[in-house]
Amino acid sequence: MRAEYLLLLAGCVAITLPLEAVLGARVYRRPRILALSLLPVVVVFGAWDLLGIARGHWWYEPSRISGIMLPGRMPIEELLFFVVVPLCALLTFEGVHRVLALAARWRGRGVRPAAQAGQRTADPRDGTGADRA
């Protein structure tokens, strides 16, 4: 499928975008920090890819890319990969951080998960129930 690589990257962004909107990951809201985080990845891995392409170590299936080529015969999708994957990782990291912070606040208010509230739960070490306090 033509542009399959672009569709995959768009899917990655679409899946992680709610982490910004719903959990308040604050990745897009801090563009300077985001740019400083992405810049080394794009530069280092972009250069690495250009070297690999120039030396013939790898290539891209023409039927799966858009056909938009950057200097050095790098498909635009490959450059976008170096932006999208770290962006999704940052969104996931910040989303998990927000969830853990919310859980810590709930614990501080006396709201605890069942395993911490003294209820009987399964103990994965021996297959039996174990009291957790």
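Predicted model: local features only at pLDDT ≥ 70, side-chain atom pairs only at ≥ 80, totals over all residues.
Colleague: Which backbone nitrogen does the side chain of E77 reach?

Modeller: That of S66, at 2.4 Å. Beyond its neighbours within four places in sequence, E77 is in contact with Y5, L6, L9, I65, S66 and I68.

Colleague: L9 is on that list. What is L9 in contact with, leaving aside its neighbours within four places in sequence?

Modeller: L9 touches E77, L80, F81 and V84.

Colleague: And which residues make up the largest nonpolar core?

Modeller: To read a core, list its members and then see which elements supply them. Eight residues form this one: Y5, L9, I53, Y60, I65, M74, V84 and C88. Helices α1 (4-21) and α3 (76-108) are the elements that give two or more residues to it. Apart from this core lies another, of six residues, including A25, L34, L38 and L87.

Colleague: Now the charged pairs. How many salt bridges does the structure hold?

Modeller: Three. E4 and R64 meet at 2.7 Å, N to O. E4 is in helix α1 and R64 in the loop between α2 (31-54) and β1 (69-70), so this pair links parts of the chain 60 residues apart. E4 is partly exposed at 32% relative accessibility, and R64 is partly exposed at 42%.

Colleague: What about E20 and R29: how far apart are N and O in their salt bridge?

Modeller: 3.4 Å. In this pair E20 is buried, with a relative accessible area of 5%, whereas R29 is partly exposed at 47%.

Colleague: With which residue does R30 form a salt bridge?

Modeller: With E94, the closest N and O atoms being 3.7 Å apart. R30 lies in the loop between α1 and α2 while E94 is in helix α3, so the pair ties together parts 64 residues apart in sequence. R30 counts as partly exposed, at 29% relative accessibility.

Terms used. Residues numbered from 1 in each chain as written. Heavy atoms only, no water. Core = buried A, V, L, I, M, F, W, Y, C linked by side-chain atoms within 4.5 Å. Buried < 20%, exposed > 50% of the residue type's maximum accessible area, 1.4 Å probe, protein only. Helix = DSSP H or I, 4+ residues; strand = E, 2+ residues; numbered from the N terminus. Contact = heavy atoms within 4.5 Å. Polar contact = N/O pair within 3.5 Å; in protein donor to acceptor, adjacent residues only side chain to side chain. Salt bridge = Lys/Arg side-chain N within 4 Å of Asp/Glu carboxyl O.
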